Amino acid sequence: MTRVEVDKIIDKLTDSFNLNKFDEVGVQEAYCRKLLNLDYRQMEVAVDALIETDSKYVPPISVLIKAYRDSKPNPAMIANAEYCSVCDDKGYVLMTEYRKFTDNTTIPYQYVLHCNFCPVGRAQSYNGMDCKNAECRTNYYTPPITRYFDENEIENMRESNIARKNYKLTQFEIDEIKIVFKKFSYKIPELRPFEIEHGDAWEGDEKCPF
Ligand SMILES: [Zn+2]
């Protein structure tokens, strides 16, 4: 999390628990150092869970970390506080691998890699073998981007995403896109009263079968 997010968590801890040792030398710094490596949303969920335990004291770092590991935020609620130029805030990158077969045909296969540079991406991390229920385990998994792309390739991803994000369409390009869209769209005709047919399946006094 960012420094601002760390401060929000510290404030939340201070406000939610009656007693803390944040005014003692080095205590708050120790919390901050640990928090900086963790995900803000997940820690928020963890702190909310700890608040419900009704303790008077701000939990020690070890308890906070345990609650953090136990907390599973809803992936749909996770958002990047800062734009992730690696994955364009999508949380994943598709990798195409071309497989050659004995009959000389080549077929492209696409794989999903999770972005390990941002919270949205880390929420997309999945390993079917980690499932607690042994019967549900699968071989499917989403490896991190860094397993298949080196530093230079990741830097290229960043540059192309930033360039695309900053690119401003010219009026000519906007007009061209409008022309293309017009080819695919057509006007939905107005519904005229005489075209409305009443109840094929259920009519008037009949009892609704559903
Ligand atoms: Zn990302």
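This is a predicted model: local features need pLDDT of at least 70, side-chain atom pairs count only at pLDDT 80 or more; totals for chains, interfaces and linings use all residues.
Reader: In what pattern do the helices and strands follow one another along the sequence?

Author: The protein contains seven helices and four strands.

Reader: What share of the residues in the protein is buried?

Author: A residue is buried if 20 or more other C-beta atoms lie within 10 Å of its own. The protein has 210 residues, and the share of them that is buried is 16%.

Reader: Which element gives the most residues to the largest nonpolar core?

Author: The largest nonpolar core has 14 residues, and M1, I9, L35, M43, A46 and V47 have the most contacts inside it. Two or more residues come from each of α1 (3–16), α2 (27–35), α3 (40–51) and α4 (61–70). With five residues, the element that gives the most to this core is α3. In soluble globular proteins, nonpolar side chains tend to be buried together. The element asked for is α3.

Reader: Which residues does M43 touch, leaving out those up to four places away in sequence?

Author: M43 is among the residues with the most contacts inside the largest nonpolar core. Not counting residues up to four places away in sequence, M43 touches M1, I9, L35, L38 and Y68.

Reader: How many residues are in the second, separate core?

Author: This second core includes C87, L113, F117 and C118. Its number of residues is ten.

Reader: Is A46 buried or exposed?

Author: A46 lies in helix α3. The cut-off for a buried residue is 20 or more other C-beta atoms within 10 Å. Because A46 has 25 C-beta neighbours inside 10 Å, A46 counts as buried.

Reader: What distance separates the C-alpha atoms of A46 and K72?

Author: Leaving aside neighbours within four places in sequence, A46 is in contact with L64, A67, Y68 and S71. K72 is 26 residues from A46 along the chain. The C-alpha atoms of A46 and K72 are separated by 8.4 Å.

Reader: How many bridges join strand β1 to strand β2?

Author: Strand β1 covers residues 92–100 and strand β2 covers residues 106–114, and the two run antiparallel. R99 stands opposite I107 in β2. The number of bridges joining β1 to β2 is nine.

Reader: Which residue in the turn of the hairpin has a positive phi?

Author: β1 and β2 form a hairpin, with five residues between them. The residue in the turn with a positive phi, of about 70°, is N104.

Conventions:
Residues are numbered from 1 along each chain as its sequence is written. A nonpolar core is a set of buried Ala, Val, Leu, Ile, Met, Phe, Trp, Tyr and Cys residues joined through C-beta atoms within 7 Å. A residue is buried if 20 or more other C-beta atoms lie within 10 Å of its own, exposed if 12 or fewer, and partly exposed in between; C-beta atoms are placed from the backbone. Two residues are in contact if their C-beta atoms, placed from the backbone, lie within 7 Å. Two strands pair if DSSP finds at least two bridges between them.
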